[in-house]
Amino acid sequence: MTSHPPVSLQLRETATPVSPLLFGHFIEFAENCIDGGICDPKSPASDEHGIRQDVLALAKNLRPTILRFPGGTFANIYHWMDGVGPMDARRRRKNLIWGGITDNRFGTAEFISYCRALGAEPMLCVNMASGTAQEAAEWVEYCNGEAGTHYADLRAAHGYPEPFRVRYWCIGNESYAEPDLGAQHDPDRYISDAWEFTKHMKLMDPTLKLIFVGNSEDPAWNRKILEALSPVCDYISFHHYSGEGSRGTYGPFLSLMEFRENLVSLISTVRDGSHRSVPFNPWYRFPRRAEDIRLAIDEWNIWNPMPSGDNNRYGLRTVYTWRDALWTACMMNTLLRHAQDIGIANLAQMVNVLSPIMTDGDRAYVQPTYHVLKLYRDHMEGMLMECTSDSPVIHTASGDVPMLDAAACRHPGGTLRLFLVSLSKEDPLMISLPEAFRLRECTLLQAPDFDAFNTPGRDVVSTTQGSVSGGDIILPPAAVCAAVLEDA
Ligand code: AHR
């Protein structure tokens, strides 16, 4: 154990509200995320509609604010009409992306009910590969149309007279990914198809908020998308999965640091795009974007290679360790620090697939990452506070990683919430608070070591109150802390 000099924090108020939509989740027809996780008619834990109540209760506890569906890559083969109307007439299709059969018993209405049960905004992703712009617009009509047109009336005939009022629509998913099904794979093609989808969908409902596909690794793609689509682009989507690679335990943190560097340039491209004056033809017959373009990090997580077998073909059934939970806290800090530009973020995914919530037969349990997500959901709200520190670093063979990751916000209740993550395996850190603030309480998450993981019925994460010493915080190694501070 080494002793480090006290780490001092600088905190500064800002006028930047933190978007409530940073607590998003994502569910896809991938392995047993939806079928077998969210929805499992054979499970005794399910209600009469086949919805697993144990999973729903765990999801509710996280209070997601927005939920994305039905993919991901799967969106490229999804036809919404397969998942509406009477169950016995729903179409069973081969899941060409992730394997198995999709029986479509969890369709649009079931998704909307699930969102309502969670208190989350629905976010739908349209099929730009095997689907058409007209099909997407008809989905908009089915969801949002008032009575009196074919698909709005169809929704009513299915038992839902009130419009679902879905505001957030993703125009494709990772359309740059050449191995995926799809027609685009080049920005010009994407732009021309995306315009077609936009026209059909916006004419159906001009209030939609559209999310276009960005590429976190290709600035040229982003510039082109923003140059062309800026007048109608409410959000540009970026996905980020950190991995260990060959860089060992701290690999995902190095990967996150690289993403953070990228984010700075992505943000400046998006800010430019926001203010670009692109001509907009009034004959489009729907209004142009009125607010600044924001980022939607609509898939993020840690995705480590797993030994893949028949039951885990793509390494999606990931076992998350306490190290991964620390990474999750660092990612939440990243989202908070960029609150000015990030409007939406969705953890990928919510159940069983790269997930904080798992099922094991008829039992549901949580991974260590779950506790971190809950802690941030309980505290991260209000106005961003700038937070900097003089953290010591951890030297690794692949680069230095700061030992402390810190972020803060001013809570609507008036207190300040400080998020501290220690990445040290053995050294405690003494955090000196600025004189203007006094520590009121501090919730601390810890686990026995970096590699600890949960199994059904065994949770390695402990929650305690942290030690307080003369206005300082003693942060134990490998811990996440949410501190409540008041003005001194
Ligand atoms: O979340 C798993 C997959 O990762 C999604 O389907 C895809 O969008 C991404 O590449």
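A search of the whole structure finds 27 aromatic pairs. Here, rings of Phe, Tyr and Trp (its six-membered ring) pair if their centres lie within 6.5 Å. Planes under 30 degrees apart count as stacked, over 60 as edge-to-face, and the rest as tilted. Take Tyr 78 and Trp 139. Their ring centres are 5.8 Å apart and their planes stand at 50 degrees, so this pair is tilted. The two residues link distant parts of the chain, 61 residues apart. Tyr 78 is in the loop between β3 (66-69) and β4 (93-94), while Trp 139 belongs to helix α3 (residues 133-144). Helices (H or I, at least four residues) and strands (E, at least two) are DSSP runs, numbered from the N terminus.

This is a predicted model: local features need pLDDT of at least 70, side-chain atom pairs count only at pLDDT 80 or more, and totals for chains, interfaces and linings use all residues. Residues are numbered from 1 along each chain as its sequence is written, and side-chain values use heavy atoms, with hydrogens and water left out.

Buried means under 20% relative accessible area, exposed over 50%, and partly exposed in between (1.4 Å probe, protein chains only).

A second pair joins Tyr 190 and Trp 221. Their ring centres are 5.8 Å apart and their planes are at 35 degrees, so this pair is tilted. Tyr 190 lies in helix α5 (residues 187-204) and Trp 221 in helix α6 (residues 219-229), so the pair ties together parts 31 residues apart in sequence. Tyr 190 and Trp 221 are buried.

Tyr 78 and Trp 139 also belong to one aromatic cluster. The charged end of Arg 68 sits over the ring of Phe 26, 4.7 Å from its centre. Arg 155 lies over the face of Phe 164, at 6.0 Å from the ring centre. A charge sits over a ring if NZ of Lys or CZ of Arg is within 6 Å of the ring centre and within 35 degrees of the ring normal.

Now the fold. The protein has nine helices and 24 strands. Eight strands make a closed barrel, in the order β2-β3-β6-β7-β8-β9-β10-β11, with parallel pairing. Neighbouring strands of this sheet are turned by 25 degrees against each other on average, direction ignored. Two strands pair if DSSP finds at least two bridges between them. Strand β9 (residues 235-242) and strand β10 (residues 294-302) share seven bridges in the parallel sense. One of the partners in β10 is Glu 299, bridged to His 239. Helix α7 (residues 251-275) lies across β9, β10 and β11 (342-348), running at about 165 degrees to β9. Axes are lines fitted to C-alpha atoms, for helices over the stretch in contact (heavy atoms within 4.5 Å). Angles run from 0 to 180 degrees between N-to-C directions.

Step back to the whole protein. Buried residues make up 59% of its 488 residues. Its C-alpha trace spans about 70 × 55 × 45 Å along the principal axes. His 150, in helix α4 (residues 150-157), is exposed, with a relative accessible area of 56%.
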